[in-house]
Structures are given as structure tokens and as C-alpha cells.
Amino acid sequence: MDVREVVLLGSTGSIGTQTLDVVSRNRDRFAITALSAAGSRIDLLAQQVRDFSPKVVALPTSEAADALRKALGTDCPELSVGPDASTELAAADCDVVLNAITGAAGLRPTMATLARGTTLALANKESLVIGGRLVTSAAAPGQLVAVDSEHSAFAQALRAGRADEVRRLILTASGGPFRGRTADQLRDVTVAQALAHPNWSMGRVITINSSTLVNKGLELLEAHLLYDVALEDITVVVHPQSIVHSMVEYVDGSTIAQASPPDMRLPIGLALTWPDRLPDVAAPCSWTDPTSWTFEPLDNETFPAVDLARAAGAAAGTAPAVYNAANEAAVDAFCEGRIGFLDITATVRIVLDEHLAQTVDVKSTPGAAWIADGDLSIQAVLAADSWGRRRAEAITRKESE
Ligand code: NAD
Ligand code: MG
């Protein structure tokens with residue numbers, strides 16, 4: 001059995017630490033050749049270096065690098081420092097890059113991994129969503145493997161039939177901590193309440209995104225891009241137990257579901273060895289205790305994020321980048337107490353509408369004008385990303401740009 005060499009980007013986060021947990025229990029299968037992180041948890045990163053002996057560690061700032069050198073002394077491995085350090089790691093020689101960075105910062109590492117020809121285990125859905133066809137067209141068949149639990153479920157269920165036999169994808173959503181509430185009941189919810197996800201323990205941004213359903217909007221676009229299924233053939237269904245991670249409906253009326261208790265180590269392990277399975281990665285469902293799984297439609301009026309994502313995805317081009325960027329800025333504004341919970345998706349709507357409206361004054365500002373798929377470039381995506389961020393920031397500070 002060959003040892004797979006893994007480069008892990010975003011090692012100190014929720015996905016990063018769970019990836020290292022899978023690796024630590026399969027030392028004969030994997031070697032961690034490099035790690036990257038933003039540097040906010042230096043003690044944890046230093047411990048990871050001691051435990052996994054990577055040859056290189058990438059950090060975006062010299063302050064973070066100095067802190068790691070201080071923590072490790074003479075045991076410090078080679079450091080790669082600077083804003084492009086994760087991207088350089090992604091282009092290094094290895095078997096699989098697992099991109100577990102949060103947000104649009106994951107785009108360049110994703111593109112570098114694909115250009116190098118290495119398998120990309122992708123947790124960073126934002127890079128796929130904002131890069132759109134630029135990312136999918138850079139990927140060879142089978143090169144892009146989803147870590148997101150829903151998309152791992154699709155990949156598994158899609159093995160049950162041919163692509164031309166698929167009628168639709170059913171994307172399950174837990175509904176988040178505010179499932180069942182009316183807009184009125186959401187007006188004054190706090191950051192702490194939004195961070196209390198019922199089923200999953202995740203990073204800050206994805207946890208807030210789960211409470212607004214923006215995460216499901218991003219996942220809708222992710223599924224559309226990964227499996228080339230039309231947006232109108234992807235149905236979102238609320239399944240509060242998070243056991244059925246998603247389903248594929250075939251033309252004959254058969255539906256194939258993937259079920260397991262919520263544990264990201266399962267899709268992480270599968271992405272590291274796809275299409276093979278690792279033994280005993282996570283606990284399976286128990287069938288000895290009475291259990292019920294429930295499904296209900298999504299309340300799109302109270303939670304408009306999925307419909308907004310549909311609009312962004314239908315326009316494609318730079319629109320998904322603006323959807324994501326406006327959301328990232330609005331999440332920061334909410335966490336800093338500048339706006340209320342409902343203002344997150346309201347801000348995304350305003351910024352996306354402005355981008356799609358193609359008004360004259362919008363055209364004079366770099367990144368403001370929508371660019372279609374046919375003219376898309378990384379520069380255009382990044383310009384739209386920074387415009388969307390600035391515009392949302394201005395709205396949440398009630399300034400004009
Ligand atoms: P997190 O905030 O817990 O961790 C993010 C990691 O990225 C940290 O190690 C941080 O140091 C690092 N990082 C951030 N910016 C960086 C930069 N510019 N350069 C290098 N490293 C940087 O987030 P998370 O919950 O682990 O999520 C990571 C990604 O996986 C997100 O795209 C998220 O949507 C996706 N995802 C997460 C889960 C989950 O259960 N946590 C599930 C599905 C998908
Ligand atoms: Mg998911």
C-alpha cells in the first residue's frame with residue numbers, strides 16, 4: 001500500500017483538525033508533507049508540527065512565522081511566508097491537497113492545485129463557487145473531490161446510475177438553529193444564538209452561514225458546478241437530524257440516499273482516498289434504537305439565501321463571487337454588532353442586485369460590473385470579490401462608496 005502524501009491548507013480550523021485526526025489514525029496510509037494556516041492559533045499549529053513532522057509550513061505573515069519559530073525553536077521546519085505561501089504549497093509535489101481554508105482566500109490555492117494536476121480534496125466550497133467554470137474547466141475528470149458532506153453524499157449516490165439517468169439532486173439542509181422561526185422572531189437574534197448550530201461544530205463563517213442558509217445557497221451552486229446538474233433540477237429539503245446527507249433521484253423514480261451520523265471525518269476520509277474507502281472512519285447509524293428522520297420544505301420567504309444563490313447562479317460569471325463576498329462582509333458586520341441578523345441576507349440582496357443591474361455608475365468602478373462566464377478571468381473574479389466586499393461594508397456602515 002502506497003503512502004499518500006497530503007498537503008493540508010487551513011490545518012488549525014475545524015476541517016483541518018479533523019483531517020489530522022483521520023490521518024493520525026491511519027499513519028500507514030498518509031504522510032503530511034506540508035501545512036498552512038492563518039496563524040491565529042500558533043500553539044495548536046506548533047503541536048501539529050510536532051505530531052506530523054511536515055517538511056514545510058506556510059503562513060501569510062512574518063509575525064505568525066516568528067511566533068511559530070519561537071514556539072518550536074530548533075525543531076522548526078522550513079517556513080514559507082507571505083500572502084501567496086498557501087498557493088505555493090498547493091503547487092508542490094504531493095498526492096492530494098486538502099483545501100480547508102475559509103472563504104475567497106482559497107481560490108488561488110484551488111487553481112494552483114488543479115494546474116499542477118494534483119487531486120484536490122475540496123472543503124473550501126467558496127473557491128469553486130466564485131471561480132465557477134474557471135475552476136471546473138481547470139479540473140481533469142476525477143481531480144476535484146468534494147469534502148462537503150452533501151457533495152460527498154452526491155458523489156456516493158451518483159455511483160448508483162448513469163449521468164443521463166439522473167432526474168434531480170435533493171440537497172438536504174439541517175435548517176440551522178433558527179428553523180421554524182418567522183422573520184419577526186429573527187430580527188433580534190444574537191451572534192451567540194446564531195453560532196449555536198444544533199448538529200455540527202464548525203468554523204465561525206460556515207456556522208453563521210448555516211443559520212442564514214447562505215451555506216445552503218453556496219452548496220446549491222457547488223452541486224451545480226461539480227455534477228453539472230441544472231439549478232432547477234436541484235431541490236433543497238430541510239432534514240433537521242443531518243443523517244441523510246443528500247440524495248439523487250433517478251428517472252425511474254428511485255431515490256438513493258447516503259446516511260451516517262453527522263461526522264465530517266467520514267467525507268474527509270473518503271476524499272483523501274476516493275474512490276476507495278478507509279475502514280472504521282466514523283460510527284455508522286445505529287438501528288437498534290427507535291429513530292425518526294423527518295423532511296420538510298425550506299421556508300424561502302424567511303430564509304431567502306437559497307433563492308438569492310439561484311439568481312446568482314443563473315447569471316453566473318462574476319455574480320456568485322459577489323454573492324459570496326457581500327455575505328462574508330455582512331457576516332463580519334453581524335459578528336461585530338453593526339447589523340442585525342436579517343440584514344445579512346438583505347445586504348447580499350442589495351449588492352447582488354446592483355451588480356446584476358449593470359447601471360452606468362457601477363460600470364465606472366472596478367469589479368462592480370457583472371461579467372459573464374464567457375469573459376471570466378481570475379482577475380475579474382477577484383475584482384468582483386473586492387467590490388462586493390467593499391460595497392457590503394459601506395452598506396453595513398451606512399456610508400456611500
Ligand atoms: P475554520 O475557520 O475553522 O478554519 C479555517 C482555517 O483556514 C484555519 O486553519 C485558518 O487559520 C485558515 N486560514 C484562513 N485564512 C487563511 C489564509 N489566508 N491562508 C492560510 N490559511 C488560512 O473553518 P472550517 O469550518 O474548518 O471551514 C473551512 C472550509 O471548509 C470552509 O470553506 C467551509 O465552508 C468548509 N466546510 C467546513 C465544514 C465544517 O464542518 N467545518 C463542513 C463543510 C465544509
Ligand atoms: Mg455541507
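**View 1. Salt bridge between arginine 168 and glutamate 249 in the predicted model.** The side chains of arginine 168 and glutamate 249 form a salt bridge with an N to O distance of 2.8 Å; the term means a side-chain nitrogen of Lys or Arg within 4 Å of a carboxyl oxygen of Asp or Glu. Arginine 168 belongs to strand 8 (residues 166–173) and glutamate 249 to strand 10 (residues 244–250), 81 residues apart. Helices (H or I, at least four residues) and strands (E, at least two) are DSSP runs, numbered from the N terminus. Glutamate 249 is buried at 10% relative accessibility, while arginine 168 is partly exposed at 29%. Buried means under 20% relative accessible area, exposed over 50%, and partly exposed in between (1.4 Å probe, protein chains only). The whole structure holds 22 salt bridges.

**View 2. Salt bridge between aspartate 332 and arginine 204.** The closest N and O atoms of this pair are 3.0 Å apart. Aspartate 332 lies in helix 15 (residues 319–335) and arginine 204 in helix 11 (residues 204–212), so the bridge ties together parts 128 residues apart in sequence. Aspartate 332 is partly exposed, with a relative accessible area of 29%, and arginine 204 is partly exposed, with 39%.

**View 3. Magnesium ion (ligand 2) and its protein donors.** Asp148 (OD), Glu150 (OE) and Glu219 (OE) lie 2.1 to 2.3 Å from the ion. Donors are N, O and S atoms within 2.8 Å of the metal (3.2 Å for Na, K and Ca); water is not among the atoms, so sites may look incomplete. Along the chain the donors follow the spacing D-x1-E-x68-E. Glutamate 150, in helix 8 (residues 149–157), and glutamate 219, in helix 12 (residues 214–227), are 69 residues apart. Glutamate 150 is buried, with a relative accessible area of 9%, as is glutamate 219, with 1%.

**View 4. Interface of domain 1 and domain 2.** An automatic or database domain assignment gives domain 1 (4–146), domain 2 (151–297) and domain 3 (316–399). In domain 1, 27 residues are in contact with 31 residues of domain 2, contact meaning heavy atoms within 4.5 Å. Three salt bridges are found across this interface.

**Notes.** Residues are numbered from 1 along each chain as its sequence is written, and chains are lettered from A and ligands numbered from 1 in the order in which they are written. In this predicted model local features need pLDDT of at least 70, side-chain atom pairs count only at pLDDT 80 or more, and totals for chains, interfaces and linings use all residues; side-chain values use heavy atoms, with hydrogens and water left out.
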